[in-house]
Amino acid sequence: MGELRQTHRLAIGNWKDGMNEDSAHFPPVDPVKTGIRGCCPRCGQGKLFDGLLALKPRCSACGLDYAFADAGDGPAVFVILIVGFIIIGSVLWLEVNYAPPIWLHIMLFGPLTVILSLLALRWCKGILIAMQY
């Protein structure tokens, strides 16, 4: 029984000693700033995206494999809610205050919706992947 306690104390002591050691090679980065800039969530230097929304296979600066990254449908849901609120609010405000013809609504808010959605989707995807890391 005494040997078991001694072994248990050694195991706990080694575990506590291991908790005090920090083996991080990269300083922590802010996930929101890193995600908006589209940079690597580990080092904050390499690029996360290959094109508009496609992920690169790995970071060019630190070599982090992006295979872990799966943002799923989260960014799309946030973009639908946020951009939808902005666009619908703007459409209603414009209609109530100025009552322009429908073609003006289409010309103004069609391209604005697409541009805001693509920008926000990239930012949200980057932020969620950085938080996932």
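## Confidence of the model

The protein chain has a mean pLDDT of 85, and 82% of its residues reach 70 or more. Confidence is highest in helix H3, residues 74-98, where the mean is 96. The lowest confidence falls in helix H1, residues 2-20, with a mean of 49.

Where pLDDT is low, the predicted coordinates should not be read in detail.

## Helix H3

Helix H3 has 25 residues, which at 1.5 Å a residue should span 36 Å.

Pro75, Val79, Val83, Ile87 and Leu94 are the buried residues of H3. Helix H4, residues 102-132, is included in what covers them. After H3 comes Ala99, which has a positive phi, near 50°.

## His105 in helix H4

His105 lies in helix H4. Its relative accessibility is 9%, and His105 therefore counts as buried, the cut-off being under 20%.

The side chain of His105 is joined to that of Glu95 by a polar contact of 2.7 Å. When neighbours within four places in sequence are left aside, His105 is in contact with Val91, Leu94, Glu95, Pro100 and Gly110. Among these, Leu94 is also one of the buried residues of H3.

How values were computed
Residues numbered from 1 in each chain as written. Predicted model: local features only at pLDDT ≥ 70, side-chain atom pairs only at ≥ 80, totals over all residues. Heavy atoms only, no water. pLDDT = per-residue confidence, 0-100. Helix = DSSP H or I, 4+ residues; strand = E, 2+ residues; numbered from the N terminus. Expected span 1.5 Å × (residues − 1). Buried < 20%, exposed > 50% of the residue type's maximum accessible area, 1.4 Å probe, protein only. Contact = heavy atoms within 4.5 Å. Polar contact = N/O pair within 3.5 Å; in protein donor to acceptor, adjacent residues only side chain to side chain.
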